[in-house]
Amino acid sequence: SSASSPVSPFADMGNSEVDTMRKGGLKSVDKVIAVASCKGGVGKSTTSVNLAFALRAQGYKVGIVDTDLYGPSLPTMVTPENPEVAFENGGSEIIPVEAHGVKMMSMGFINPTDSMVVRGARAAPLVEQMLTRTQWGELDFLVIDMPPGTGDIQLTLSQSVSIDAAVVVTTPQRLSFADVVKGVEMFDKVGIPCVAVVENMAFWQNNELSKRVEALLDEGASSSPLLPEATRKSLLDLVSAPQYIFGKGHRKRLAEMWGIENTYALPLEPALSEAGDSGCPFYLTGASSNPSIASQYDRLASDVVTEIHNLEKTKAARPEVIFDATRNMVVSITKGGEEQIISPVELRRRCRSPTNIKELITDDVKPIDIFPMGNYAVQILWNDGHQSLMPYASFVEGLL
């Protein structure tokens with residue numbers, strides 16, 4: 001809570017279009033980050049909480065909201081300084097609770113004892129009301145811990161809260177990867193860029209065994225070496241090597257498919273689970289004993305800030321994109337009036353959709369409709385029936 005606020009990286013951008021769309025308690029929130037998994041049990045809430053506290057440690061004003069009505073995690077993972085939720089103006093305004101300088105809200109704080117029995121049609125409006133009625137005040141970042149899946153709540157929040165960027169959480173299993181694909185595609189369809197992927201439970205290292213083996217070897221070597229040095233080193237390397245229990249994951253494939261460059265592999269670590277059950281985030285309690293994991297959360301926070309900053313620059317320079325049939329060229333006209341051209345075939349080859357098979361692209365492929373999706377990309381409908389969501393930065397030079 002002693003961190004001081006840095007100069008906002010978005011200060012020179014002015015008020016963005018999406019900021020003016022935010023209503024109620026969100027009107028003074030600068031940037032909104034969604035953390036989603038599209039599958040339960042992959043460590044999404046752990047990622048949300050530690051990302052929020054890593055951002056706070058970097059000096060930003062941060063809030064976090066748990067939007068899972070049926071199984072809220074935040075009250076267990078972070079114990080607020082005062083757990084009583086206050087209401088003002090006849091109950092129409094909710095005052096967030098706070099812990100270690102981070103503002104928080106969850107249905108688990110509002111209704112800590114009773115189960116929420118709510119039909120799907122009512123769930124999304126309830127979540128939206130919790131978000132907009134909470135008086136967040138001035139925040140640099142609000143982290144939304146999304147419920148698993150791609151249903152009503154996720155779509156409602158994506159379309160009504162003006163989310164600036166998404167972080168997708170997964171595990172190495174192929175089934176989790178399939179759900180990540182669905183999540184990225186959902187965000188693509190509503191014009192929200194995915195800026196990072198966190199792969200939890202990526203590997204396991206038996207650090208305790210490594211320490212014990214090294215101690216035994218050192219103890220025996222006090223009189224005479226138990227093993228030749230090369231053999232000793234090989235043994236220590238063997239017991240300390242990461243074990244990929246669930247496979248080696250799909251981070252490289254994700255980067256190739258969607259150009260998501262910020263990917264992180266976090267190990268199976270008991271301290272992460274213990275911190276989640278203790279009410280105090282791992283980022284605050286485990287950083288000294290597990291600095292490598294804490295540094296991953298620091299990198300995640302820094303990279304998310306940088307990516308959103310770059311996206312703001314892209315939005316400010318959003319070009320007009322048209323298809324010029326007479327020249328058979330896709331034309332991009334930048335804010336400065338510069339014209340850039342690219343052939344339909346080359347543009348199509350840059351589409352990262354997993355359904356875009358480059359070997360099947362024909363020379364007569366053409367766009368039949370191009371229209372903006374959010375501030376960072378265009379949706380392109382092609383004459384062969386394919387649809388592409390193309391970030392401007394993937395085909396317009398000089399945006400970043």
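## Close-up views of the predicted model

The model is a predicted one, in which local features require pLDDT of at least 70 and side-chain atom pairs count only at pLDDT 80 or more, whereas totals for chains, interfaces and linings use all residues. Residues are numbered from 1 along each chain as its sequence is written, and side-chain values use heavy atoms, with hydrogens and water left out. Strand S5 (residues 97-99) runs antiparallel to S6 and is joined to it by 3 bridges; two strands are said to pair if DSSP finds at least two bridges between them. A hairpin is formed by S5 and S6 with 2 residues between them, and His100 in the turn has a positive phi of about 55 degrees. On another side of the pairing pattern, strand S2 (residues 62-66) is parallel to S6 over 5 bridges, with Ile64 opposite Met104. Strand S6 (residues 102-106) is largely enclosed by the rest of the structure, because 4 of its 5 residues are buried. Buried denotes under 20% relative accessible area, exposed over 50% and partly exposed in between, for a 1.4 Å probe and protein chains only.

**Strand S8 has parallel partners in S1 and S9.** The chain holds 14 helices and 16 strands; helices (H or I, at least four residues) and strands (E, at least two) are DSSP runs numbered from the N terminus. In strand S8 (residues 165-170), 6 of the 6 residues are buried. Ala165, Val167 and Val169 point one way, Ala166, Val168 and Thr170 point the other way, and all are buried. Strand S1 (residues 29-36) is joined to S8 by 4 bridges, and Ala34 has Ala166 as its bridge partner. Strand S9 (residues 194-199) is joined to S8 by 5 bridges, and Ala196 is the bridge partner of Val167.

**The largest nonpolar core has 83 residues.** Leu55, Met104, Leu142, Val167, Phe187, Tyr297 and Leu300 have the most contacts inside this core. Helix H13 (residues 291-316) gives the most to the core, with 8 residues. Apart from this core lies another, of 16 residues, among them Val321, Ile342, Leu347 and Ile380. A nonpolar core is a set of buried Ala, Val, Leu, Ile, Met, Phe, Trp, Tyr and Cys residues joined through side-chain atoms within 4.5 Å. Leaving aside neighbours within four places in sequence, the residues in contact with Leu142 include Leu26, Val29, Ile64, Leu131 and Trp136, where contact means heavy atoms within 4.5 Å. In the chain of 400 residues, 49% are buried.

**The second largest pocket holds about 480 Å³ of space.** Val42, Gly43, Lys44, Ser45 and Thr46 are the closest to its centre among the 28 residues that line it. Helix H2 (44-57) and helix H11 (270-278) are the elements that give two or more residues to this lining, and H11 gives the most, with 4 residues. The lining comprises 10 nonpolar, 11 polar and 7 charged residues. Here Ala, Val, Leu, Ile, Met, Phe, Trp, Tyr, Cys and Pro count as nonpolar, Asp, Glu, Lys and Arg as charged, and the others, Gly among them, as polar.

**The largest cavity holds about 50 Å³ of space.** The whole structure contains 1 cavity of 30 Å³ or more. Its lining consists of Thr46, Val49, Asn50, Met77, Leu272, Ala275, Gly276, Cys280, Pro281 and Phe282. H2 and H11 are the elements that give two or more residues to the cavity lining, which divides into 7 nonpolar, 3 polar and no charged residues. On a 1 Å grid over the protein atoms alone, a cavity is a set of points where a 1.4 Å probe fits but cannot get out, and a pocket is an open set with protein on both sides within 12 Å along at least five of seven lines; lining residues have an atom within 4 Å of a point. Grid points are joined across faces, edges and corners, and a volume is the space filled by probe spheres set on the points.

**Strands S15 and S16 form a hairpin with 4 residues between them.** Gly385 in the turn has a positive phi of about 95 degrees. Strand S15 (residues 377-382) is antiparallel to S16, with 5 bridges joining the two, and Val378 stands opposite Met390.
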